[in-house]
Amino acid sequence: MRTDGFAKWTRRFEDERERRRAQGDPDWGHSPRLHPAVWAGIQRFQVGENGDGANLVGKADEAGDGDYAQAVRLFVAEEQNHARLLARLLAAGGLPTLTGHWSDTVFVRLRRLMGLRMELLVLMIAEVVALRYYRALRDGTDDSLTTEVAGRILADEQRHVPFHCERLHASLAELPRAIRRPLMSLWRLLLLAVSIVVAVDHGPALRRLGIGRLRFVSDVAVSSGPVIAAVLTSGPEAWRPTG
């Protein structure tokens, strides 16, 4: 499948890369003090951000759209930068990174078993959950370094969602109309299940960040509606970030 319009995404990613270079890193000399549960959550999300993206890049290359493949490479680079920022934040707090976590292993294995369309649907679950987590991390502590790191990552994730929506919008248009909405309904159910697992796994941290398990799950569920609308009907520009 070949899609149009991804040259603009390549330019957006490149512009953001240049902006990051001009901005520079946060002040890592600050030593953040966070509750151990919050640190544990950061460690787990750092694992999820850390990967070479080779499988996704390979599938993007096979799709035959050079602009999209280049945009995917730039997206992967941003995700790797998130892993770097979180690793530096952990180091500033005197904590190590983890070598792995079961939740990341499950997601990676699911994505690698599927084609590009299904890999993006699974990836979008992680992105939508991450939006709420990083918003909570940005707003839920009084530590300036943590707030800055989470805010930077959140701003990137808010660009990633419409990027993936655009690709999925074009991809699902190839399927029979009768299949599209049921497929996204299944996606919403899987998103709900994942958000519950994350809420249970990160419950102590979420409480420290001021939102709690139920609100986290509820907010993720509510945020799924605009994503589905962007993928199915209105196109990616219909999606707007929350908070």
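Student: In this predicted model, is Asp219 buried, partly exposed or exposed?

Tutor: One compares the relative accessible area with two cut-offs: under 20% is buried, over 50% is exposed, and what lies in between is partly exposed. Asp219 has a relative accessible area of 23%, so it is partly exposed. This residue belongs to helix α10, which covers residues 212–234.

Student: With which residues is Asp219 in contact, apart from its neighbours within four places in sequence?

Tutor: Asp219 is in contact with Arg132 and Arg135.

Student: Is Glu127 buried or exposed?

Tutor: Glu127 has a relative accessible area of 3%, so it counts as buried. It is found in helix α6, residues 116–139. Beyond its neighbours within four places in sequence, Glu127 is in contact with Phe75, Glu79, Glu157, His160, Val161 and His164.

Student: How does one read the sides of a helix, and which residues of α1 are buried?

Tutor: An α-helix has 3.6 residues a turn, so residues three or four places apart point the same way. In α1, the buried residues are Phe6, Trp9, Thr10, Phe13, Glu16 and Arg20. They lie on the same side of α1, because they cover an arc of only 130 degrees around the axis. Asp15 and Ala22 are exposed on the other side of α1. The cover over the buried residues of α1 includes α4 (66–92) and α7 (144–172).

Student: How many of the 14 residues of α2 are buried?

Tutor: In α2, 11 of the 14 residues are buried, so this helix is largely enclosed by the rest of the structure. Among them are Trp39, Ile42, Phe45 and Glu49. Helix α2, residues 36–49, reaches 20 Å from its first C-alpha to its last, close to the 20 Å expected.

Student: Which residues form a nonpolar patch on the surface?

Tutor: The patch is formed by Leu186, Leu189, Leu192, Ile196 and Val200, which together have about 460 Å² of accessible area. Leu189 lies in helix α8, residues 177–201, and counts as exposed because its relative accessibility is 56%.

Technical notes: Residues numbered from 1 in each chain as written. Predicted model: local features only at pLDDT ≥ 70, side-chain atom pairs only at ≥ 80, totals over all residues. Heavy atoms only, no water. Patch = residues over 30% accessible without salt bridge, like charges linked within 9 Å, V, L, I, M, F, W, Y side chains within 5 Å. Areas by Shrake-Rupley, 256 points an atom, 1.4 Å probe, with all protein chains shown as cover. Salt bridge = Lys/Arg side-chain N within 4 Å of Asp/Glu carboxyl O. Helix = DSSP H or I, 4+ residues; strand = E, 2+ residues; numbered from the N terminus. Buried < 20%, exposed > 50% of the residue type's maximum accessible area, 1.4 Å probe, protein only. Contact = heavy atoms within 4.5 Å. Expected span 1.5 Å × (residues − 1). Arc of directions from axis to C-beta.
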